[in-house]
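Colleague: Please take a close look at one part of this model, the surface around the DNA, and describe the protein elements behind it.

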Protein chains: 2
Amino acid sequence: MTDDVAPVPVEVPESLDFWSFIELANRRLSTEYGSTHELATQVLLTLNRASNVVTYDLESSIHRPRGLSWSAFRLMFVTWLAGPVESKTAAKLTGMSRAAVSNLTKTLVSGGLMERAPDERDGRSVQLSLTEKGRSEIGEIYREQNEREHAWASVLTEPEQRILVMLLDKLITNRSQFDVRGRN
Amino acid sequence: MTDDVAPVPVEVPESLDFWSFIELANRRLSTEYGSTHELATQVLLTLNRASNVVTYDLESSIHRPRGLSWSAFRLMFVTWLAGPVESKTAAKLTGMSRAAVSNLTKTLVSGGLMERAPDERDGRSVQLSLTEKGRSEIGEIYREQNEREHAWASVLTEPEQRILVMLLDKLITNRSQFDVRGRN
DNA sequence: CGCAACTAGTTCATGGATATACTAAAAGCG
DNA sequence: CGCTTTTAGTATATCCATGAACTAGTTGCG
């Protein structure tokens, strides 16, 4: 914003970072752009960024050091808790594409963490499950992650945590009011 | 209740999907695994998945049809509101690596949406800004996205939206209590 | 001043995720 | 039954993002 008719640019503070940018965005959108629904922007920007901050932290402090990607963790986690599962179900539960699951599975199988077994009833299907090694790995990883999750969540009181879950739940489950795009 | 050798499902409902998996995970972790901090897991799982659902929806309904990636949108958005910015600052504000900004910039410049200008004071730096075309594009895209953001957020009442923002804000800004991993 | 340490950005190799197209199996329907 | 349609999974090409190595400019300090 250099030469325009617009009002004097809101100051861009030096301390600005990934998180505090939200505030700047909010201010500029309302004062200069005349955003119609700025609260909505704020809600979703905040949601997205909070998720990124936490995810990046967990991935880089827990999973990468063990040579696992965030996706690999998710696939193992899902298989651990819901398995054995069809590949297609795993895709749905992890939020990945079927192709991604297929590729990832290859890696995990060759690493001895997962097993791929043909479904007896349906010749097209494949049942995914964890090997013994995979099971003990994910158990340990989860334990470690859970400690860090606890450190994160503890910033909020327990009632606050419950309210947060409730609100996010409401945000997502009431989405039937319009047609949401999902994978597949 | 169940055997610890073979993890026989508590009951894995057929209706299970990306979102309702959270509930299953929560149940199994508490009944079978004896999770120490299951509320923490629930909070972060919910946060992560809510963000994914919304992000995927916005990306696939707004940005992909225009040939823009989610990252490209973020970079343009940041440059629009905070620009002109150094490449390094853009990385910080978008949450991408410096390499990613560098690569993306190349694409956006060749598409006539961004400009790259050498910094006069510092020979190493590059100032990023939007072209006229870029500015009008992002304005239009934002307007469109904002409509959809509004549809999403409207599921919550205004006070609920404000509480949600407050809680997420608290979750992130009080993180100084332990050392969080961030990019760079 | 001159050299070491640091910083900004880019390039490159790599890994991960996607869409697309393909194969094979199952289901539906005349 | 057979033929069409649908479904599950995989291979391929492509895109995107990252870390690491590199270049070039800046800062700091003896």
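Modeller: Chain A has seven helices and three strands, where helices (H or I, at least four residues) and strands (E, at least two) are DSSP runs numbered from the N terminus. Their order from the N terminus is α-α-α-β-α-α-β-β-α-α. This is a predicted model, in which local features need pLDDT of at least 70, side-chain atom pairs count only at pLDDT 80 or more, and totals for chains, interfaces and linings use all residues. Residues are numbered from 1 along each chain as its sequence is written, while chains are lettered from A and ligands numbered from 1 in the order in which they are written.

Around DNA strand C there are 24 residues, the closest being A:Ser71, A:Ala100, A:Gly123, B:Lys88 and B:Ser102; a residue is near a strand if its C-beta atom, placed from the backbone, lies within 6 Å of it. Two or more residues each come from helix H5 (98–110) of chain A and from helix H4 (87–94) and helix H5 (98–110) of chain B. H5(B) gives the most, five residues. By class, this surface has six nonpolar, 10 polar and eight charged residues. Here Ala, Val, Leu, Ile, Met, Phe, Trp, Tyr, Cys and Pro count as nonpolar, Asp, Glu, Lys and Arg as charged, and the others, Gly among them, as polar.

DNA strand D is surrounded by 22 residues, with A:Ser87, A:Lys88, B:Ser71, B:Ala100 and B:Gly123 the closest. At least two residues each are supplied by helix H4 (87–94) and H5 of chain A and by H5 of chain B. The surface near DNA strand D divides into six nonpolar, nine polar and seven charged residues.

As for the two protein copies, chain B superposes on chain A by a rotation of 180° with 0.0 Å of shift along its axis (RMSD 0.1 Å), fitted by least squares on the C-alpha atoms of residues with pLDDT of at least 70 in both. The copies are thus related as by a two-fold rotation axis.

Within chain A, three strands form an open antiparallel sheet in the order S1-S3-S2; strands pair if DSSP finds at least two bridges between them. Strand S1 (85–86) and strand S2 (114–118) of chain A are at the edges with a single partner strand each, so one side of each has no neighbour in the sheet. S2(A) pairs with strand S3 (residues 126–130) of chain A over five bridges, and A:Ala117 has A:Gln127 in S3(A) as its bridge partner.
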